[in-house]
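Open the model in your viewer and get ready to select things as we go. We'll take it one stop at a time.

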Amino acid sequence: MIEKIDLKKVEKQTYRFTFTDGLYDMAYGSLLFFTAIAPILREILYPSYIIFMILPASLILVLGKRFITVPRIGIVKFNLNRTKSRNKIGLLIAILFPITVVMVVLTFLGLYNIKVGGYIVPLGGGIFALILLSLIAYIIDYPHFYLYAVSIGLGLPLAALLKPIFGEPLHYIISFGISGTLILIYGIFTLIKFIKKYPIPKEDISDVKG
Amino acid sequence: MSKDKNNIIDKIYTPNSIDKLIHEPARLNIMTRLYVVESADFLFMMRQTGLTFGNLSAHMSKLEEAGYIDIIKEFIGKKPHTMLKLTKKGRKAFDEYRKKMKQFFNEL
């Protein structure tokens, strides 16, 4: 009992415990993976290929939390400071999402290429993604997001650099596919470990009589 | 004993003045885990504390009897769900416990 109780450390441990299911890694890995094969999907499924980039990651998070995580480790509600952090992310996304959409639309229209040349857009996009994801990592206090930030921040300019060498779609597969697959595999292994470590309890303890 | 001496003794925290309900390791673990969150359900507490269902249930009952924790019934979809939350009294008792323990070890 002489051991000092560091409440900040305990809170952080409790918070990070909710990320031990590997679902964020799987979701982000799948997002990168489908980005990598987007040029191939575009050829086959245009224009519905966009769904493949968004849907798997969303489904992994929503269904995974509901049917895998919660039955195994239960539910926790964090204090106001953590809730505020999540609101900040909401605000950040609300501001940056329209900007991103405008940038993507302008890129598709080819406006950037006319005025500023081919490498500026991917480099700008990479820096933008790096800053955005690093901010999210900082706000939600989840270090893996820094890795995500670097993978996409480097991936965009790398794809532009590799395109003249390898051509499409190999430049995307190298830039995003390798990191995406590695993050996805890491997420799957983490999830398997999580499932083994925390089996669903046999008795129903969601409604305990007080 | 003079009045002054009595005052001094009152200010020194002795092991006897420490809240024994919280001091028990399993309950201290429960109180600490609940102190850092808004609320948590029974399963989450089991995972965090490493206690079995029976053990946790028994300690929770004691803490609830003392008015340190609240058991909140809510519904997730149509399924009833039990959330556990530290009461104001529980938070105050835990703060007091920490203060006393700190002072006690500082004075050793």
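At roughly what angle do the axes of helix α2 (residues 23–36) of chain A and helix α9 (residues 170–197) of chain A cross? Select both: the axes of α2(A) and α9(A) cross at roughly 155 degrees and come within 7 Å. Axes here are lines fitted to C-alpha atoms, for helices over the stretch in contact, and angles run from 0 to 180 degrees between N-to-C directions. Helices (H or I, at least four residues) and strands (E, at least two) are DSSP runs, numbered from the N terminus.

Before moving on, some housekeeping. This is a predicted model, where local features need pLDDT of at least 70, side-chain atom pairs count only at pLDDT 80 or more, and totals for chains, interfaces and linings use all residues. Residues are numbered from 1 along each chain as its sequence is written, while chains are lettered from A and ligands numbered from 1 in the order in which they are written.

Back to our pair: that angle makes α2(A) roughly antiparallel to α9(A). Angles under 35 degrees count as roughly parallel, over 145 as roughly antiparallel, 65 to 115 as roughly perpendicular and the rest as oblique. The α2(A)–α9(A) crossing is left-handed. A crossing gets that name if the near helix is turned anticlockwise from the far one by less than a right angle, and is right-handed if clockwise. Now color the contact by class: you'll find 14 nonpolar, nine polar and one charged residues where α2(A) meets α9(A). Ala, Val, Leu, Ile, Met, Phe, Trp, Tyr, Cys and Pro count as nonpolar, Asp, Glu, Lys and Arg as charged, and the others, Gly among them, as polar.

**Next stop: chain B helices**

Select helix α3 (residues 25–35) of chain B and helix α4 (residues 42–49) of chain B, which pack at an angle of about 120 degrees with their axes 10 Å apart. So α3(B) is oblique to α4(B). Their crossing is right-handed. Show side chains for B:A26, B:N29, B:I30 and B:R33 in α3(B), which meet B:M45, B:Q48 and B:T49 in α4(B). Contact means that the C-beta atoms of two residues, placed from the backbone, lie within 7 Å.

On the α3(B) side, pick B:A26, B:R27 and B:I30; they meet B:N55, B:H59, B:K62 and B:L63 in α5(B).

Select strand β2 (residues 69–76) of chain B and β3 (79–86) of chain B. They pair in the antiparallel sense over eight bridges; strands pair if DSSP finds at least two bridges between them. B:I69 has B:L86 as its bridge partner. The two strands form a hairpin with two residues between them, and B:G77 in the turn has a positive phi of about 70 degrees.

Two bridges join β1(B) to β3(B), running antiparallel, and B:A40 stands opposite B:L84. Strand β1 (residues 76–77) of chain A is also joined to β1(B) by two antiparallel bridges, with A:K77 opposite B:S39.

**Last stop: where the chains touch**

How many residues of chain B are in contact with chain A? The count is 24 residues of chain B, against 21 residues of chain A. On the chain B side, α4(B) gives the most, with five residues.
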